[in-house]
Amino acid sequence: MHFLTYNIRYAEGRDNKNDLPRILAEIAGADLIALQEVDRYWPRSGNIDQVRAIADGLGDYYWVYGPGVDLHAPGAAPASGHRRQFGNMLLSRQPLLACRHHLLPKYGSTGPLSIQRSALEATLRCGGRLLRVYSLHLTHLSGATRLPQVEALLAIHANAAFEGAAISGDLSGGQGGFAAGDGAGAQTVPEEAVMLGDFNFQPDSPEYARMAGPLSDYGGRITNPRGFVDAWCAAGGDVAGGFTSDVRGRPARLDYCFVSSALRNRITACRVDDQAAGSDHFPLWTRIEL
């Protein structure tokens, strides 16, 4: 199964051209697509609904969208439902059985730009197993403001099974008007997850160590059995390589696919499409045998 994560920067490439069809060509063929910085009704992207345009352009994908930023769109008709939104999207060839949208901790700012970030979660069935997948975007501000977001992600993961499905309990009696036949019956919350997105940290950061495990004094990284592995490294990539963007003009690895460590031996490939030109980031492709 091919997983892709791509911060599309509302389809504006390094050439400063806004070209959504170019993005569609660069993500075509993936089984599960996690996108970040997807616009709805912003002037910078032509005041269009990029979510609908992406869904229509790709065709046979189930999809869900979660905005971190959600504002009134000036000039929108009262009943239009048009809002100025900016956030994450998930598209899948398999049905998205249940979805949740998590707003991550935010630190306000009177100086550098501070944006509400979020993690969009969906459960899908992959080859006989259930899997949670996430499209997420962490703050660009600093490690100090990112680390609480990483802790929130890990708490979301750890608590998922404990919290249970969005609707859980005995549905045989039609409690609350819900019934299993309404689609509310898939109540199992999977233990395993794949977190994809723009984490805005680099591999030598404390945030990376919190996600992938600390380095041992005796060599290697201490991976918790219930934690995550960096798919790029699990597939044989150099931890210091695999650049997906740049910071102040220097190449940087900011985009990741973190996979539950129980699935680490199923990661068979991970690559960066450094020929993509649709954004200021490159897409990251990961193949996991499920």
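Predicted model: local features only at pLDDT ≥ 70, side-chain atom pairs only at ≥ 80, totals over all residues.
1. Six strands form an open sheet in the order E3-E4-E2-E1-E14-E13, and their pairing is mixed. Strand E3 (62-72) and E13 stand at the edges with a single partner strand each, so one side of each has no neighbour in the sheet. From one strand to the next the twist averages 15°.

2. Strand E3 runs antiparallel to strand E4 (residues 83-92), and ten bridges join the two. Within this part of the sheet, Tyr-65 stands opposite Met-89 in E4.

3. Helices on the sheet. Helix H1 (residues 20-27) packs on the sheet, where it touches strand E1 (2-7), E2 and E14, and its direction makes about 155° with that of E1. Helix H2 (residues 50-58) lies across E2, E3 and E4 and runs at about 145° to E2.

4. The whole structure contains 17 salt bridges. In one of them, Asp-246 and Arg-14 have their closest N and O atoms 3.0 Å apart; because Asp-246 lies in strand E10 (residues 245-247) and Arg-14 in the loop between E1 and H1, the pair ties together parts that are 232 residues apart in sequence. Another joins Glu-191 to Arg-226, with 2.9 Å between the closest N and O atoms, and it links the loop between helix H3 (143-163) and strand E8 (193-198) to the loop between helix H4 (206-212) and strand E9 (228-230), the two residues being 35 residues apart. Glu-191 is partly exposed, at 47% relative accessible area, whereas Arg-226 is exposed, at 61%.

5. Other salt bridges. Within helix H2, Asp-56 and Arg-52 are four residues apart and thus separated by about one helical turn, and their side chains meet in a salt bridge of 3.2 Å, N to O. A network of salt bridges links Arg-9, Glu-12 and Asp-280.

6. Glu-37 lies in strand E2 (residues 32-40) and is buried, yet it has no salt bridge, the nearest side chain of opposite charge being that of Arg-117, 4.5 Å away. The side chain of Glu-37 does make a polar contact of 3.3 Å with that of Asn-7, and its contacts beyond four places in sequence include Arg-9, Tyr-10, Gln-50 and His-137.

7. Asp-274. This residue lies in the loop between strand E13 (267-272) and strand E14 (284-288) and is partly exposed, with a relative accessible area of 47%. The side chain of Asp-274 makes a polar contact of 3.1 Å with the side chain of Gln-275.

Notes
Residues numbered from 1 in each chain as written. Heavy atoms only, no water. Buried < 20%, exposed > 50% of the residue type's maximum accessible area, 1.4 Å probe, protein only. Polar contact = N/O pair within 3.5 Å; in protein donor to acceptor, adjacent residues only side chain to side chain. Lys, Arg positive; Asp, Glu negative; His and termini not counted. Salt bridge = Lys/Arg side-chain N within 4 Å of Asp/Glu carboxyl O. Contact = heavy atoms within 4.5 Å. Pairing = 2+ DSSP bridges. Axes fitted to C-alpha atoms, helices over the stretch in contact; angles between N-to-C directions.
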